[in-house]
Amino acid sequence: MPHEMPDASPMDAYWMPFTANRQFKRAPRLLVKASGMHYWSDDGRQILDGVAGLWCVNAGHARPKIVQAIQQQAAEMDFAPPFQMAHPKAFELADALTRLMPAGLNRVFFTNSGSESVETALKIALAYHRARGDGTRTRLIGRERGYHGVNFGGISVGGIVGNRKVFGPMLGGVDHLRHTHDPARNAYSVGQPAHGADLADDLERLVALHDASTIAAVIVEPVAGSTGVLVPPTGYLQRLRQICDKHGILLIFDEVITGFGRTGQAFAAHTFGVTPDLMTVAKGLTNGCVPMGAVIARQAIHDTFMSGPEHLIEFPHGYTYSAHPLACAAGLGTLATYADEGLLTRAGELQGYFAESLHTLRGAPHVIDIRNIGLVGGIELASIPGEPGKRAFNVFLDCFERGLLVRTTGDTIALSPPLIIERAQIDQIVGTIADALKRTA
Ligand code: PMP
C-alpha cells in the first residue's frame, strides 16, 4: 500500500496501545531510565513508581541478579526451539515455580503474556474435559468487570464493555457472574469486604440454567485489578470453589496481577486459602523484565493428557517463544531475588501501614471509596458528570508532574508499588495524591 501521507513527525509511526494517541503525542510522557523504586523521565525528573511499572516490577527496577541473568543468557544462547526440543532453564524455572505454589499445582505450561496464559488455560480446560470423555462441557464462565487480557477468549470471558463492543461477536457459550463491587454495603472496607459471599451463588443459577454437564470452567481474578482493585468479599472464593467441586467445573484463578507477593503471600490462592485447578500468571514471573507468562495446572489435569495414546504431541498448543531462554533466565533471577529478600511476604508485613496510610484519604475531595489488600489499593473518585475516567486521569497527570507514577482505571486511582517499598515512600505516594486531589477540587 502506498504511503497515505508523508511522515510528518518521528512520533507518528508508533500506534500506542490503550492510549489516547493524539493527546499523548501533543504532550508525550517519556521514561528513559529505571532503578529500584524509581523511573527517570526524559527531562531528568525522578519519578516514584507507585504501580510497579504496570503491576509487574515487584522486586523493583534493574535488580542485579536479574540483569546479570539476562545478559549472560543472551550471550550464551539466544533462542532454543520449544517444540520437540528444550533447554535446561525451562525445567529449572518450572520446578522453581511449582515450589512456590499451593500444594497440588505442579505442572507448568509457559506463555509470553497474561493474555496468552488466559487463552492457554481456557484451552487446557476444554481439552481436559474432552480427553476425559466429557466433551459436552464447553461453556466458559467469566465475571462482570473481569479483565483477562485482550485475545478473543480473554475478552469473551472478560467483563469490560469497552474492550468488547467494537470487535463483533465474542466466543459463543460464555456467561458471566456478577461482579462483587458493592459500594452501598462495603465502601471503605479495610482488606476484604464483609458483604457479598452469596454472589458466588450466581454459579448455581447458571448450573440450573445450562446443566453442569455443559460447563467447563469458571475464570476469575481473585482480586479484580484492572477494573479498580475489587477485593473479594470474605467467603466468596471459598463458596465459588465449593460450587465448582460440587458440579465438576474447573476453577481458574487469573493471578497475573495478584501473583508473586502482591496480596501478602506468594499467591492470592494462599492469601485467601483457596486453591484453583488452573492458575494463570505473567508480569511478576520475570519482574516485568522479559515478556513471559505461565499456566500452572493441577497434576491430575496434566496427567489426563499424558494418559492417552502416545501420538506425536499430547496438546496441540504452544508458542515460538514458549519458555524463551532469556525469559527463563529472567524468571530464575527474579525468583532468586524474591527469595533472597523475602519479598513474597513483604506485602503482608507492610499492609497494615499501607492500609492505614491509604485510608487517611477518606474525606479528601471527590473520594467515594478506598479498597486495599496486601500492597495493592484503589482510591475511587466521583466521576465528572458525562466524562467518566477524566477526574482520575487528571490526578494521574498531576501526580506525574510532581514525581509519582500511578495508574488509573475508570475513576479509580490504582496503586501497586514494588514490594521493596519503604514506609516513607508510602507516605510520599499518599501525600502526593492528597495534594493532587486538593488541586483538582
Ligand atoms: N489477566 C489479568 C488479571 C491482567 O491483569 C492482565 C494484564 N493487566 C492480563 C490478564 C493480560 O496480561 P498481558 O497484558 O500480559 O497480556
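## Basis

The model is predicted: local features need pLDDT of at least 70, side-chain atom pairs count only at pLDDT 80 or more, and totals for chains, interfaces and linings use all residues. Residues are numbered from 1 along each chain as its sequence is written. Helices (H or I, at least four residues) and strands (E, at least two) are DSSP runs, numbered from the N terminus.

## Helix H15

Helix H15 has 12 residues, 390-401, and its end C-alpha atoms are 17 Å apart.

Arg391, Ala392, Val395, Phe396 and Cys399 are the buried residues of H15 (buried: 20 or more other C-beta atoms within 10 Å of the residue's own; exposed: 12 or fewer; partly exposed in between; C-beta atoms are placed from the backbone). They cover an arc of only 145 degrees around the axis, which puts them on the same side of H15; the arc is that of the directions from the helix axis to the C-beta atoms. An α-helix has 3.6 residues a turn, so residues three or four places apart point the same way.

The buried residues of H15 pack against strands E12 (376-381), E13 (404-405), E14 (407-409) and E15 (412-415), and against helix H16 (423-440). Contact here requires C-beta atoms, placed from the backbone, within 7 Å. Gly403, which follows H15, has a positive phi near 85 degrees.

## Sheet with E13

E13 also belongs to an open sheet of four strands, in the order E1-E2-E3-E13, with mixed pairing. Strand E1 (31-35) and E13 stand at the edges with a single partner strand each, so one side of each has no neighbour in the sheet. Two strands pair if DSSP finds at least two bridges between them. Strand E3 (residues 46-49) pairs with E13 in the parallel sense over two bridges, and Leu405 in E13 is the bridge partner of Asp49.

## Ligand shell

The ligand is surrounded by 14 residues, the closest being Ser113, Gly114, Ser115, Gly149 and Val256; a residue is near if its C-beta atom, placed from the backbone, lies within 6 Å. Helix H5 (residues 114-131) supplies the largest share, three residues.

## Positive phi in two loops

Most residues other than glycine have a negative phi. Phe260, in the loop between strand E8 (250-254) and helix H11 (268-272), has a positive phi near 60 degrees. Lys283, in the loop between strand E9 (278-281) and strand E10 (293-298), has a positive phi near 30 degrees. Phe260 counts as buried, with 29 C-beta neighbours inside 10 Å. Lys283 is buried, with 29 other C-beta atoms within 10 Å.

Notes
Expected span 1.5 Å × (residues − 1). Contact = placed C-beta atoms within 7 Å.
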